[in-house]
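Hi everyone, thanks for making time for this.

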Amino acid sequence: MKAEIKRTASRFRHTIGKYRVQRGKQCKSCAGCVVTCPHGVHFKAGTRMGTPRDYLCVGPEVCRSKNCFCVEKCPNSALNVVINPQIKALGDFRWTADLLMSTWYQAETGRLPDVDMEYRTGNSGGGFDKLRFRFPEKPPQVIPAEDIDTSIELNKRGDKSHRITIGIPLYQGGMSFGSVSDSTMVSRARAAMLWDTFGCTGEGGYPEFLYPFDRQMITQVATGLFGVKEETIQRVRIVEFKYAQGAKPGLGGHLLGDKVTERVAKMREAVQGSALFSPFPFHSVYSVEDHKKHVDWIKAINPKVLVSVKVSTPADVDMVAIGSYYAGAHIVHLDGSYGGTGAAPDIAKKNIAMPIEYAIPKVHRFLVEEGVRDKVTLIASGGIRTAHDVLKAIALGADGVVEGTAGMVALECTRCSSCESGRGCPRGIATTDPELAEFITVDWGAQRVYNLYASWRSQIVGVLQQLGMRSIRELVGRTDCLRHLDYN
Amino acid sequence: MRSTSKALSAAEKILASRERMIAQYPPLSGVKVEEEGGCGVTGFACSIPVGGKHIFEPSRQMHNRGNGKGGGIAAVGFVPEALGVSQEILDSHYMLQIALIDPEDQAAAKAVESEFIHPWLDIARSEKIPTVADYRDIPGLDVRPPDVMRYFVRVKKDVLKDFTVKNHFENLKPGRAEDEFMSQNAFKLNTRFYSTLGDKKAFVMSHGKNMMILKIVGYAELVASYYQLEEFKSHIWIAHQRYPTKGRVWHPGGAHPFSGMHEALVHNGDFANYHSVCEYLKQQNFFPLFHTDTEASVLMLDLLNRVHEYPLEYIIEALAPTTEADFDQLPSDKQKIYRAIQAAHIHGSPDGPWFFIIARNDPYQKMFQLIGITDTAMLRPQVFALQDGEVQIGLVCSEKQAIDATLDSLAKEDPRFCPVCDRYWNARGGSHTDGGTFVFTVKPENGVMRLSCSDKFGNVKAISGNQKICDATAPISVPSQEAEITRTLNQLLDQCRAEEMFSYLAENIPIWDYNTFRWVCAEIVRVAAGSDTCKATAIEVLTLLNDRRFFTGDKKRAWVLWIIRGSLREIFGAVPGFDRASGGRYRYIDFKTRNLLRAPEANEEILVVYTREFEPEGEDCDARLLCEAYFLGWKRFIVYGYRGQRFTGNGFGPATQAVRIDVYGSSGDYLASGIDGMAIYVHGNAQDQLGQIMKDGKLAVFGDVGQTFMYGAKGGEVYVMGNAAGRPLINAVGRPRVVINGTALDYLAESFMAGDPHNGGGFVILNGMTLSDDGSLKELPTPYPGSNLFSLASGGAIFARDPHCTLIEDQLNGGEFAEFTDADWNLILPYLKENERLFGISIEKDILCVNGRPRKPSEVYRKVKAVPLTVLNGAPKQPNPVMAADI
């Protein structure tokens, strides 16, 4: 399948945009505005004017400067442009309205919006939002975009396991069957395949509809061991041990009763309607030699598989990382504290684990000191929202990242935080209700996620060009390319 | 602090004295991160002193529990001549052993002596512990071990007098002041030459009487090689393989064992509350200097033992408190004391997974002890074993194969040792039954050293009877009943009547002497070589003898087993390999010939795999060979010679209904994990993590199973003849159907989610019985002694054989008792029938018989089913979470 960016509009009639374009009764349907506006806000539907596609509007300032402001050009003064009052209720400090809307835009178009929206950082007052790139005044060398390599290696041990390179420095976080709809899972998996990277089954079993994506899937072995079978471990090229989630370390996974429908119960071989808990530890792993045995076990089932160890970020995360490396892991996956969907308890999300921007350099440096940094792939996750977050994580010392929520936003998630409330995801993403799930078709969803990654990749390429780097691998650990707004 | 020195107790005086010492030698302040690591531990105590080489093999077999970056051993109870001292000096003098990290640094060695030895101590003898000339001659040693100076010392009379007066120690029991002086002197030395230096120079390895510790950067057994301890004899040996997570290690300061006063402690696990325990110790003026939880543990032990003079039972209570239903079942006077101990010491009680092995000399009571203590939640693996006889031995290890390796090694040297123990068992942490602790004590009895075993409460674990041991080295002679026996054997063998033959043998074994029995087994082996059918019958008969319990007369069951197992090994070993011609059903393969493996040809059906030389995991492990053989078309396997190799039956993938694996020997962790259809028969005890995520198939274990048995299992039919350790069937879903004839330590079927048993779901039948050595079945005092049964379960059921209704609501934490119906009986009956067929546990005579009277099933079994808990149902309706979040 040849993959390319295709414009993939919102599923909803009224897409949320930054501006609201109002058309008054004075309008004579002269269609002058259709000509004036280069962004396609105005269009004629039959003999009358259609309701403006105001989410495409880039705002008065830009239009004025380019002399294409429809409000001023309308001969009947029938038009008005205001800030959309909806955006005041949209988003939060980490995922601001601007970030949500710009992500939606990128998912629709595969490129950055023309609108004056902040697409790089949120407004959390910390973390990646306080970091900026320090670009040289002039790039040291001019590198054409097509010469820039964004691929990363996932097996750096050089052992007999699979050699795997992914085209972009990110793969997808696990979202279980039962926590999101089938079409959400397939959409994400297909997008991952198109970008030659990996999707992840999560811990809820390996549904048959993901079998076509076997080569590009990671399957999770988590503490509940739901749906984990030898067969599923043998299907894949990467197995991920989920020891903990940064969003809620020490709490285990949970799927509340409402979401345990007949199908989910069948996949996990549990009881319909009863909440499912994954214990917070692996009951067979209470120390590092148990951990090694655990890794050996997976390799006994599938000798060529790559083993990723997903851990949260406690204070001694560096010891955990080195222990995982010596236990035979190929990938150490640090899950920091910013991530987590609406199903993770707020008190845990905000208080337990170490922020990822502290954990990455701590682990990176420790692995360098121990002399094994080039033998292990370090992956970061937990609040990677934008292409700039990806780049910052890598500059801090990661090889690549895992993306979770951003892909949901590409499917028009509004971050309403109702994920845990059973089947009722208002946008049909985190639902197991078959009717709600019909909101999303796979073609639409896959293309949206594909588009988002395309936009991210071009931003990554752009930043590397500015830094004069030919490969994303050159950026790993280059903290000198970053500055912190509070400490410079 | 109390007002006057007169009112101070001995403990308070010691603590006050230490406070002054700390002021004089302040340890570095500031929080140090604990150096983490996992490990493997092993130890044994013996009524006779034995050489260090016997700790060599068990240590080597636990390499996969360490990473060669820290190993250590400790020994207690020596032969004075080997140390060049008299018995009197060995008993009365401290054996001070100081590690000089850089042997080239003569100045440091001199400084240590001039500051901490010559001014204070009288030396009866000193020497540098002999080593091999060059550490590089020992493969695997990459870092030069420290030179260790050994001094037999007493504190100088006038020094001790000063020390006593200054600290008001006049009324301390004899010897206690001198102990404290030695303890403080070691602390000062370590502070001065180890912990406050950037460049570490020297530290005290141990300083107890008649005991020592040696440790290196490398695997533990290399300690014995480097310091030439192979023939050095001692009553107690313990060893520790360390798995430090930090990469570069250049000195063994952080390796185990750690020493308190007269004890050495090794530890497997990791405290969650390391800092809190350290803080607790510091408040009592015990300052850890080596940044490991193991040192903190031994300091805690020293504090409770030597300073507070607690009896061992109270020390154990302070470390692993008795909780929940177990606490409720203690006698009320004990509850009172335990409550006080917990109130005083809970902050210093290590939380999280840990298992201690302690070797100690008690010079005041003149005895040596080996102690194993598990944490309350039993999160680390542990096996105890005991052998009685002319020579006695008690063992405690992380994995059973270390016990086998020790006994193998001893039996080779001294035929009085049997390679099989009389008893193997697990301790139940923080329990009212055994307190999670067993103590092997070696002390003189009528002039000879004898070993005894008791639990936390002092209940003696005895081996019944005065059965004879077998001299396995004696030649076998033809018994007088030869003609009759041969006739019967030949007849039964020819007609493949294995069951009858087993009955015949079981009836006669009590009458026969060892020689006759050995001769019979040799005959069976000889006949087995004749044809494949004879071989099959012989294997079946010997396997039945191995699996079933029967009366052995004046012979020890352990020796009978050893003879049976030896015969099986002979039969297996005689099977032709791929390099020999054969037209038969059996083919043999081992590590050396593994590359000859090919698809089965002609009549070939059964692959006999000798696993001894295989790696325990990885590319060269026997589990991989089994997979390769299966992919080539082999379906039937006999696998023997195990020494703890892991993952048997793993990796075969889905739909393996035609496969059968028979496992002999000390099989390893994760056996039968994930199997989907195949049958595995484990002819002996099995280890940890058995049947994890098992999907379908059959597993029969003719013995006990270890920790987290069937974790996350989805199905399968499983029969366990004995007990399960901690956390069996946790998080199991689907339709696992399990019979456990013994009991479980605790946490059985936590978060069980196995649907409706009457509608395809799963269940556990818990019979709560034990097989005695004579083959009869006895009820345990309760089918389930633990405090947590079926906690948070949402599906499935437990059918517990509990005719005396000993189970109580308090144990359930989420389940509830339900009526045991006829439908329930019909559901479990087929499994009990198979259970009867496998283990000879009769439904009529054993299960449904209480105090000799037949009972109805509903009078014998009780059902525990899941209750719908509100916490497990849907999300509580809350105000709009958007509003609640992100304020």
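Before the first pair of helices, a word on terms: axes are lines fitted to C-alpha atoms, for helices over the stretch in contact, and angles run from 0 to 180 degrees between N-to-C directions. Helices (H or I, at least four residues) and strands (E, at least two) are DSSP runs, numbered from the N terminus. This is a predicted model, where local features need pLDDT of at least 70, side-chain atom pairs count only at pLDDT 80 or more, and totals for chains, interfaces and linings use all residues. Residues are numbered from 1 along each chain as its sequence is written, while chains are lettered from A and ligands numbered from 1 in the order in which they are written.

So, how do α15 and α16 of chain B pack? Helix α15 (residues 482-494) of chain B meets helix α16 (residues 498-508) of chain B at an angle of about 155°, and their axes are 8 Å apart. That makes α15(B) roughly antiparallel to α16(B), a label for angles over 145 degrees. Thr488(B), Leu492(B) and Leu493(B) of α15(B) touch Glu500(B), Met501(B) and Tyr504(B) of α16(B); contact here requires C-beta atoms, placed from the backbone, within 7 Å. By class, that contact has four nonpolar, one polar and one charged residues. Nonpolar covers Ala, Val, Leu, Ile, Met, Phe, Trp, Tyr, Cys and Pro, charged covers Asp, Glu, Lys and Arg, and the others, Gly among them, are polar.

Next, a sheet. Chain B has an open sheet of six strands in the order β9-β10-β11-β12-β16-β17, with antiparallel pairing; strands pair if DSSP finds at least two bridges between them. At its edges are β9 (258-259) and β17 (448-455) of chain B, each pairing on one side only. Strand β16 (residues 437-445) of chain B pairs with β17(B) over eight bridges, in the antiparallel sense, and Pro444(B) stands opposite Met449(B) in β17(B). Across β9, β10 (263-269) and β11 (354-362) of chain B lies helix α10 (residues 293-307) of chain B, running at about 135° to β10(B).

Finally, the two chains. How many residues of chain B are in contact with chain A? The count is 61 residues of chain B, against 50 residues of chain A. On the chain B side, β1 (37-51), α20 (622-632) and α24 (881-884) each give two or more residues, and β1(B) gives the most, with four. That side divides into 20 nonpolar, 25 polar and 16 charged residues.

Technical notes
Contact = placed C-beta atoms within 7 Å. Parallel < 35°, antiparallel > 145°, perpendicular 65-115°, else oblique.
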